[in-house]
Amino acid sequence: MQIYLPIAEMPVSVLLILGMGAAVGFISGLFGIGGGFLMTPLLIFLGIPPAVAVATQSAQIVASSTTSVLGALRRNALDHKLGAILVAGGLVGSALGVWFFAAARRAGQLDLVIVISYVTLFTVVGSLMLKESIREFWHRRKGGAVRLRRRAGEHAPYLGWPLRMRFYRSKLYVSVIPIIGLSLFIGFAGALLGIGGGFIVVPALLYIFRVPTTVVVGTSQLQIVCTTLVALILHAVTNQAVDMVLAILLIVGGVFGAQFGARMGRHLRAELFRFLLALLLLAVGLRFGLELVLQPEEPFSISVQEVRT
Amino acid sequence: MRALVLLAALVWSLASAQAETLITSLSNHRVLINSNYTGTQIAVFGAIERDAQTVARATAYDVVVTVRGPRQFLTVREKERLGPVWINLEQQKFPSVPAYLSVMTSRPIEEITSVQQRQRQRIGLEAIVNSTDFTSQRDGADRPFREALQRLKAQEGLYLEDERGVTFLTPDIFRAAIPLPATAPPGNYEVDVTLFADTVILARTNTNFELVKTGFEEQVGVVARDWSLAYGLATAAIAIFFGWLASVIFRRD
């Protein structure tokens with residue numbers, strides 16, 4: 001069954017889009033990430049103009065993250081205070097990211113900046129997480145205690161900087177400075193790459209701040225909802241590239257997928273959860289890396305600058 | 001059909017200086033896009049009128065139908081090796097090229113007329129893509145970019161040439177079908193019909209049709225453009241509503 005998209009100006013298969021929404025929603029619910037870095041390339045592959053793809057998939061992220069946040073609220077698996085700081089810093093970071101985006105576009109190398117950032121971010125974050133989870137598996141094999149609970153005096157030095165704050169829900173008593181730094185960076189990268197930044201928030205909260213896994217997903221989703229909501233409205237106003245029909249199809253598929261993902265995530269062991277997320281990130285990083293290094297089959301590409309009517 | 005006959009009669013009475021007159025008509029001047037639009041086909045009908053003084057030609061007529069879609073500003077980029085990575089280096093701008101371009105002919109275009117004539121009159125896909133007003137000349141450096149544009153557009157079904165696209169029903173009446181893929185953008189489409197005999201152009205007509213969004217599709221486009229903030233807020237509200245709905249439906253307790 002085909003349906004015509006009014007803004008993308010092309011027909012798509014309804015079932016295909018619903019299925020894609022469900023698949024990406026599942027991964028998003030499972031890992032507490034937005035899933036934009038998976039959805040955008042898929043939509044572009046279908047022939048949807050890149051601007052429409054980036055803008056529209058943010059609506060799906062808003063929907064699936066809203067579900068996750070509401071679920072987390074009900075289970076009390078959300079740190080409001082930590083979330084609020086992440087959101088505030090993230091919005092400032094986004095503004096910086098939008099400015100840098102325009103500068104890179106003027107220089108004519110936006111594509112390159114984006115691909116290299118993708119490769120670096122995903123490979124670095126992915127391999128760090130993979131190393132960590134392999135070590136955990138190893139410890140378990142040797143019968144040693146798995147170090148999940150923090151002990152006194154085990155903090156990295158930067159967590160003890162001034163302006164310490166207590167986050168009861170996350171069992172944290174740390175300086176706000178590294179948290180604000182993290183949120184600024186996420187907002188910046190998010191605006192530049194058109195992603196929510198969940199895949200950076202989740203590992204950072206897990207490994208740097210040692211926030212319990214159950215709280216991480218809800219808190220990261222709260223941050224994603226807020227930044228993506230702002231991004232969605234900005235895209236609609238500045239680029240007029242949000243396709244409502246496509247958005248609704250993605251949302252309907254996505255919310256169901258996210259539910260099943262979140263449910264499965266609750267039954268997943270913490271180490272396995274981190275191991276799978278690490279593999280996913282590495283795979284995406286590798287895919288972008290190959291695109292950069294391998295000789296392209298078709299070296300030429302067309303981009304539409306404007307439509308003359 | 002009656003309108004066609006009337007038109008023919010009118011043209012006949014005016015009896016121009018030219019020996020042959022070409023009369024063409026489209027099956028549809030306004031193609032509507034609705035929610036289940038998946039591309040369409042437009043038929044071009046044509047009749048050739050010869051005035052009383054002219055004797056019948058020894059050779060048969062040939063017809064070339066050229067359709068040009070709305071104009072686009074395109075940039076074609078070429079990836080090249082720089083150290084270990086492949087990045088976009090060279091590029092060529094195409095300031096005003098048709099988003100859709102199709103050429104239907106009654107037989108292979110090489111047999112219809114000479115290379116010089118094709119280049120001068122922009123007859124055939126090859127001649128249009130390689131013409132000077134398509135993009136700037138750069139001592140042959142523009143050639144691979146022109147070829148790439150044609151190849152990539154052809155893969156999408158947006159640039160095509162069909163040497164069997166025009167069929168003669170009688171020696172004087174012909175018909176052509178213009179295939180419009182679903183990805184052809186809304187806008188104005190120019191249809192140019194050229195009549196040949198013995199490699200010489202005898203007559204030319206120009207008409208057009210419009211591809212427009214209607215109903216819901218049109219309204220969404222208008223709202224997204226004119227009330228963009230409200231549209232963005234509405235989309236956000238829909239997204240949040242569905243998110244909330246799902247959390248209610250799937251509530252376990």
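Which residues does A:Ile251 touch, not counting residues up to four places away in sequence? Select A:Ile251 and you will find A:Gly21, A:Ala59, A:Gln60, A:Ala63, B:Ala239 and B:Phe242; contact here means C-beta atoms, placed from the backbone, within 7 Å.

A word on what you are viewing: this is a predicted model, in which local features need pLDDT of at least 70 and side-chain atom pairs count only at pLDDT 80 or more, while totals for chains, interfaces and linings use all residues. Residues are numbered from 1 along each chain as its sequence is written, with chains lettered from A and ligands numbered from 1 in the order in which they are written.

Next, colour A:Val62, A:Ile251 and B:Val65, which touch the most other members of the 136-residue largest nonpolar core. Such a core is a set of buried Ala, Val, Leu, Ile, Met, Phe, Trp, Tyr and Cys residues joined through C-beta atoms within 7 Å, where buried means 20 or more other C-beta atoms within 10 Å of the residue's own. Show helix α9 of chain A (residues 244–267), which gives the most to this core, 13 residues; helices are DSSP runs of H or I, at least four residues, and strands are runs of E, at least two, numbered from the N terminus.

Now move to chain B and select strand β3 (residues 40–50). Strand β1 (residues 20–26) runs antiparallel to β3(B), joined by seven bridges, and B:Glu20 stands opposite B:Arg50. Strand β10 (residues 173–180) of chain B also pairs with β3(B) in the antiparallel sense, over eight bridges; look for B:Thr40 opposite B:Leu180. Pairing requires at least two DSSP bridges between the strands.

Note on methods
A residue is buried if 20 or more other C-beta atoms lie within 10 Å of its own, exposed if 12 or fewer, and partly exposed in between; C-beta atoms are placed from the backbone. Two residues are in contact if their C-beta atoms, placed from the backbone, lie within 7 Å.
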